[in-house]
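Hi there,

Here is the structure I promised to pass on to you. Please open it first, and then read my notes below with it in view.

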Amino acid sequence: MAGTGKAHLATSGDAVLRVEDLVVTYETPGGEAVQAVSGISLDIREGETLAVVGESGCGKSTLAKAVMRLIPNDGGSIKVMDKEIAKLSGEELRMVRPAMQMIFQDSISSLDPHMKVKSLVEQPLRVWNRGNEAERAAKVRDLLSSVGLDPEVVGDRKPTEFSGGQCQRISIARALTLEPKLLICDEPVSSLDVSIQSQILNILRDMKDRYGLSLLFISHDLSVVHAISDRVVVMYLGKVCEVSPAGDLATNPRHHYTHALVSAIPIPDPTKQTGRAILEGEPPSPANPPSGCRFRTRCPAATEKCAAEEPQLTEVSVGHYVACHHPR
Amino acid sequence: MSELLKITDLRIDFHTPRGELHAVRGVSLEVDSGESLGIVGESGSGKTVMSRATMGLLRGRRVKRSGSVQFEGAELLPLSNKEIREYWGTKIAMVFQDPMTALNPVRRIRSQMSEALVKRLGKSKEEANARALELMKLVRIPDPEAVLDKYPHQLSGGMRQRVMIAMAIACDPKLLFADEPTTALDVTVQAQILELISDLRRKLNMAMVIITHDLGVVANHTDRVAVMYAGELVELADTKDLFARPRMPYTEALMNSIPRLDRQPGARLPSIAGSTPDPTMERTSCGFAARCQYATDKCRNEHPELTDDGNGHLYRCFFPLGGN
């Protein structure tokens, strides 16, 4: 977007997550207010994987944390299963948390190094006082095997004994312990080797089918997003540029930013001309975003209108929305 | 093309509390002047250790090095710290993954850049200054004069990497090692930096070794590619040939497991089961046998040698794809 709008939101109410006009502001050490997320709207339907893709500083991780209510927001609405959670706090917030869980990029540091794997996975059940000891142990065994770990072998070991890929499996098992409806994945495969990356993506897909999850998948990598998601939201400098079904986005990006992003990805095939740098420079500072369309300072198609008027998300083909005055 | 760098049977072992860790297990490799070689491998493949050993950056009591590294016919491994310094900058230079830790955080870019020019090339302060500005323009830094007066933390990741590249090419090296030069960067910036490095290589007639985990990066920026796995060179071929006809099952599996935009969205990715072998163990089998879908008893009991298919395509496999 570099623009705003809610045209892409479903009208019917079966959304697992519905975020409207979410704003998150950080204060810099100099006392300056920086809007990392400025008026984002998105929804995730039941059983859907929605990806949010963008480069460093576009606000995608801030968005994920704000949806989880890990950081405060400065306006907008967050509905999980039709329940408004943007203003909840304390015990009320705690009560909705089991329905939404999160896994992080650095799985090793997100697991307590002193706890055994089986206790890590069991902990949410103990906190919520669910089941008796035998039931909990059975649940833990079931979860560990479903993410491809042998519970007998790994149960009594500690996270430090495992590789990044295995720790990510443990994190997934732990996140699913309370049977959430929504799983938020913040760059879950970014620090993994490609051969391990595909294992984790496949596990996420299997878990989604098995537990009927909806996924919010945050990533900087459009090819990863392409492999896992149903719909993709492209972010730039705190705004949405484009929302599209995954296949459509790769073959027919309509926003100039998305196009540049797609072209820049090097495809492992020397006969194809890929990995082209279309964009010059780097995104401007979110502390002082350009007027109108936020991408206009780097956009090859920018006109005066782009500086004056913020583009709204508009449907260009079925399910494909773009916020641009001059789409490709 | 003449041979610039010749690595023969390079072995690097680290003494660790767990025992001897064999990080590089007898790698032989040549780099011709002006060529661009890609070295691809996953974590623990030994690609970074190999390049650092070649540069003479790995030394000390805990490192055991054997084999030979020759640069223009001169042996590098036995050189002392002081002697190898003569090679750095003017003959071999390196660009690292993380420019923030490679640059000195408390000195302005100008003073870091001129240091090499004054000390290595004996330039006067004014000459060094002028050359620094010229280099900044060469790596296409906008407003170069202003950037010279900044500290590293005031620059973005992409700008910092441009500064690193400018410093690496400051003394006209004949060979540039780029170790994951774009891994920490966004994809649009990565494309800019890779184009820049390739342009500079042609313009300055440097040889370049790009070390990366990303097959996409080598596909468009190298003449030849070496694939490393668990400390060994497992395949080496012309880039086009490697991608068109991988002979080593590991290379094929790696290519297949990469998510690609030109594939069906949502398609299940083929993955490589298991993980890499224990680096402290001696190799009595094919290093990839435990994860290879084609592995036989022979693969599990004998260690394959690097074989030439007759056209300079090397592979380390008893049963190469496409037949012997």
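Strands β4 (residues 63-71) and β5 of chain B pair in the antiparallel sense, over 2 bridges. Within this part of chain B, Q70(B) stands opposite E75(B), a residue of β5(B). Both strands belong to an open sheet of 4 strands in chain B, whose order is β2-β1-β4-β5 with antiparallel pairing. Where are the edges of this sheet? They are formed by β2 (19-32) and β5 (74-75) of chain B; each has a single partner strand, so one side of each is left without a neighbour in the sheet. As background, strands of a sheet pair through backbone hydrogen bonds, in either a parallel or an antiparallel way.

Before you go further, please keep in mind that this is a predicted model. It scores ipTM 0.84 and pTM 0.89. For chain B, the mean pLDDT is 92, and 100% of its residues reach 70 or more.

Next, the place where the chains meet. On the side of chain B, 40 residues are in contact with 36 residues of chain A. Which helices of chain B each supply at least two residues to the side that touches chain A? They are α8 (187-204), α9 (215-221), α10 (239-244) and α11 (249-257). The most comes from α8(B), with 8 residues. Sorted by class, this side of chain B has 19 nonpolar, 14 polar and 7 charged residues.

P249(B), Y250(B), T251(B), A253(B), L254(B) and S257(B) are buried in α11(B). The cover over these buried residues includes parts of both chains: α7 of chain A, together with α9, β9 (224-229), β10 (232-238) and α10 of chain B.

Take L216(A) as an example: not counting residues up to four places away in sequence, L216(A) touches L17(A), I44(A), L50(A), V52(A), A64(A), V67(A), L182(A) and I184(A). In general, nonpolar side chains of soluble globular proteins tend to be buried together.

Is L314(B) buried or exposed? L314(B) has 20 other C-beta atoms within 10 Å, and therefore counts as buried, since 20 or more is the cut-off. Leaving aside neighbours within four places in sequence, L314(B) is in contact with E235(B), L236(B), A237(B), L306(B), T307(B) and D308(B). L314(B) and L242(B) are 72 residues apart in sequence, and 9.8 Å separates them in space, C-alpha to C-alpha.

Finally, two details of the backbone. Most residues other than glycine have a negative phi. E187(A) has a positive phi of about 50 degrees although it is not a glycine. You will find E187(A) in the loop between β7 (182-186) and α7 (194-211) of chain A, where E187(A) is partly exposed, with 19 other C-beta atoms within 10 Å. D172(B) is not a glycine and has a positive phi of about 50 degrees. D172(B) lies in the loop between α7 (157-168) and β7 (175-179) of chain B, and counts as partly exposed with 13 C-beta neighbours inside 10 Å.

Enjoy looking around!

Best wishes

Terms used. Residues numbered from 1 in each chain as written. Chains lettered and ligands numbered in written order. Predicted model: local features only at pLDDT ≥ 70, side-chain atom pairs only at ≥ 80, totals over all residues. Contact = placed C-beta atoms within 7 Å. Nonpolar A, V, L, I, M, F, W, Y, C, P; charged D, E, K, R; others polar. Buried ≥ 20, exposed ≤ 12 C-beta atoms within 10 Å, placed from the backbone. pLDDT = per-residue confidence, 0-100. Pairing = 2+ DSSP bridges.
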